[in-house]
Amino acid sequence: MTVISEAEFDRAAELTPRHLLRYLRGRGWSAARDYGRGELWVLPAPQDSRRPAYEVLVPLDRRPRDYADRVADLLETLSVAEGRRTADVLREMTLPPADWQFLRLLPPGPSGTAPLVDLVPALTGLKELMTAAAAAALTPQPVQPAQKPQQVKDFVSSVRLDQTRVGSYVIAAHTPIPEPLTDDPAQDELPFDDMHDASRIGPTEPFERLVSRRLYAGVVCAQKAAMQSVREDSLVDFAQFAPAGLSANLCEALVRIAGEERRPYELSFDWTADLPMPQETPPIALPSLLLPALEAGAKDLRERLGRRGAVLRGAVVRMRRELGSRWGEVTVQGQIMDEYDPRSRRVRMVLEAHDYDRAAEAHREGHEVVVRGDLAVHGNRTRMESVDRFTVLHVND
């Protein structure tokens, strides 16, 4: 049995019953017997496993003088059951409510290590994955626009990385979930049954949880579409899964996580016990053989459905307008301003008279332009439709 230190004992005394119950519920423990001021909780042994079942006594009343001793006993048992240091368990208990995402990499070499060249794309891809899920939580669509709403940016900024876990190399991230609001200052002393009352969470689902669900559903759908494509040796329509959270952006992020070596990996999810997940969410494995299908699916979505709200920056290289017409066709040679497509391309568009005249000025004076609209690919030609912004960048700006 791991012995808790004096410093950890002092920190344990500050934990509330809510901290203890949230942690246990989130890790598969369940209440077995009510002792009034305490509850007996059990962690059953997995089937076909030599690991024993565990029991802990959870104090629900902080007033007795031995409260800290009971919490210390609980922490020591958890340390043994999880094979982790008491300090790590204690630290996680003090964290606010959060949904957790675990990215398990499978690189060659000693367990618990990973090549630097694998970690860089994995972290970049994880950020892009969170961004795609947050955008899908606001507006599910096959291709997310390059310009993201501020709410998406704020969410991605709130995601935290935690200490790595045992099991090859596991990157742990968590997205904070707003705590349930209460007007009762003594809520931490409520009886056990009241602390499990889901109605106290509130009737609305927080945006952060919606993002977590979109992320899980989107990755499951991406895996399903890729597996079906490999099995049938023909690319399926990934767009059918867009309402669940799948997008070209999400598929590209999944490919990026695998890095240049296209290594397999696994994603798993834990949900805050303050907002229970009603269905099972098993880990999602993405073997190397699925990555080409994911890449092809993302490319197909972009080519068929274009990019909404794409921003193009470049130079006007060609203009044509029929005599007396209000509209004219303009071709801009430039770059799509997002992280996925850095190459220069020629993009055609139809502009009304005011913007066409400004394009003519930019062409004549050698100024760059910035255009925003929806990209559509027709064969080898790229067009920008529904142009809603045309700006001239003067040389002196």
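Two strands are taken to pair if DSSP finds at least two bridges between them. In this predicted model, five strands paired in that sense close into a barrel in the order β9-β10-β11-β13-β12, and the pairing is mixed. Neighbouring strands of this sheet are turned against each other by 50 degrees on average, with direction ignored.

Other strand pairings involve β7, which lies at residues 265-270. β4 and β7 pair in the antiparallel sense over six bridges, and R104 has E266 in β7 as its bridge partner. β7 also pairs with strand β8 (residues 284-286), again in the antiparallel sense, over three bridges; here E266 stands opposite A285 in β8. In general, strands of a sheet pair through backbone hydrogen bonds, either parallel or antiparallel.

Leaving aside residues up to four places away in sequence, L254 touches L129, V219, A222, Y265, L267, L286, L291 and L294. In soluble globular proteins, nonpolar side chains tend to be buried together.

L90 also belongs to the buried residues of helix α4, which are T86, D88, V89, L90, E92 and M93. Because six of the eight residues of α4 (residues 86-93) are buried, this helix is largely enclosed by the rest of the structure. The buried residues of α4 pack against the helices α1 (6-13), α2 (17-26) and α3 (67-82), and against β4 (98-105).

Two of them are set out below.

| Ring pair | Distance between centres | Angle between planes | Geometry |
|---|---|---|---|
| Y216 and F269 | 5.0 Å | 90 degrees | edge-to-face |
| F269 and W271 | 5.8 Å | 15 degrees | stacked |

The angles decide the geometry, because planes under 30 degrees apart count as stacked and those over 60 as edge-to-face. Y216 lies in helix α8 (residues 207-232) and F269 in strand β7, so the pair ties together parts that are 53 residues apart in sequence. Both Y216 and F269 are buried. With a cut-off of under 20% relative accessible area for burial, F269 counts as buried at 7% relative accessibility, and W271 is buried as well, with a relative accessible area of 13%. Ring pairs link Y216, F269 and W271 into a cluster.

A contact of another kind places a charged side chain over a ring: R27 lies over the face of Y23, at 3.8 Å from the ring centre.

Technical notes. Residues numbered from 1 in each chain as written. Predicted model: local features only at pLDDT ≥ 70, side-chain atom pairs only at ≥ 80, totals over all residues. Heavy atoms only, no water. Contact = heavy atoms within 4.5 Å. Buried < 20%, exposed > 50% of the residue type's maximum accessible area, 1.4 Å probe, protein only. Helix = DSSP H or I, 4+ residues; strand = E, 2+ residues; numbered from the N terminus. Axes fitted to C-alpha atoms, helices over the stretch in contact; angles between N-to-C directions. Phe/Tyr/Trp six-rings, centres within 6.5 Å; stacked < 30°, edge-to-face > 60°. Lys NZ or Arg CZ within 6 Å of the ring centre and 35° of its normal.
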